[in-house]
Amino acid sequence: MASIRFTSAAKHNIARALLGATVLGSVFGVHMTSAGAAEKQPIDTAAVADHAERSRETHVGATAAQVLALAKSQIGISENAAGGGTKFQQWYAGSQRAAETIARDGGTRAEYLNAAWCAMFVSWVGDQTGARTQIGWDAWTVAHAKWFQANQRFGTEPKPGAVVFFSWSGSKNLKDINHVGFVEKDNGDGTITTVEGNTGRGKVEERVRPKSQVVGYGYPQYRG
């Protein structure tokens, strides 16, 4: 079975071990994904291009402030001991996008229920605010970043509401992305304040991160 490329964390349970796509990593206070696993299968560029084209045709009604307000309202939500149990995982497992990413990566819907969920959190916020077609939706951070890149909306400037992609190694290569969240603000001292899912001990948290760990930023086309 092809491994599902989820995003940030290795989960301490049999289901995640069967995925064969993650490694343990807690030194940076976030659950991490193996970069090697991310390279096992090439991205479906045709699907990305199609998804990008559909995005260009849709206008979003949400503002960056509304998206950040919803993201921040989820702070404190935590996964269970098996690495699952969040509404973000449950929503994604039942979504149309899950069927598409299963076709791309292999696996089953049930495996998303205990999988690393930082990208699922970002995707859920986009869906709930009506901004999904501009924020994108995926369970794999690399594919999510490439979707922004395909839309020519990927860059290096932190902006409130931007989707921020991290590599703990400091790499600027999209294939090395480990984690994703939302930019809340640029602190002006080489750091950014973010709102992230599946961070710390498997929670939604507000974090301060060094820009040196940022691969790049995706820019949703918000209203206003």
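The legends below describe close-up views of a predicted model.

View 1. The protein has nine helices and six strands, and of its 224 residues, 57% count as buried. Among the contacts with a separation of 6 or more, 65% join residues 24 or more positions apart. The accessible surface comes to about 9000 Å², and carbon and sulfur atoms account for 52% of that area.

View 2. Between β4 and β5 the antiparallel pairing extends over seven bridges, and V195 stands opposite E206 in β5.

**View 3. The largest nonpolar core.** In soluble globular proteins, nonpolar side chains tend to be buried together. The largest nonpolar core in this model has 42 residues, and those with the most contacts inside it are V67, Y112, F121, V125, I135, V163 and F182. At least two residues of this core come from each of α4 (64-73), α5 (87-93), α6 (96-105), α7 (118-128), α9 (141-150), β2 (163-166) and β3 (179-186), while α7 gives the most, with seven residues. Apart from this core lies another, of nine residues, among them A162, V164, W168 and V214.

**View 4. Helix α4 and its buried face.** The buried residues of α4 are A64, V67, L68, L70 and A71. Seen down the axis of α4, these residues fall within an arc of 160 degrees, and therefore they line one face of the helix. They pack against α7, α8 (132-135), β3, β4 (191-199) and β5. If neighbours within four places in sequence are left aside, V67 is in contact with A62, V125, T129, A131, I135, F182 and Y222.

**View 5. Q213 in a loop between two strands.** Q213 is placed in the loop between β5 (203-210) and β6 (214-218). Its relative accessibility is 12%, and because buried means under 20%, Q213 counts as buried. From C-alpha to C-alpha, Q213 and T191 are 9.6 Å apart in space, although 22 residues separate them in sequence.

Methods
Residues numbered from 1 in each chain as written. Predicted model: local features only at pLDDT ≥ 70, side-chain atom pairs only at ≥ 80, totals over all residues. Heavy atoms only, no water. Helix = DSSP H or I, 4+ residues; strand = E, 2+ residues; numbered from the N terminus. Buried < 20%, exposed > 50% of the residue type's maximum accessible area, 1.4 Å probe, protein only. Core = buried A, V, L, I, M, F, W, Y, C linked by side-chain atoms within 4.5 Å. Contact = heavy atoms within 4.5 Å. Arc of directions from axis to C-beta. Areas by Shrake-Rupley, 256 points an atom, 1.4 Å probe, with all protein chains shown as cover. Pairing = 2+ DSSP bridges.
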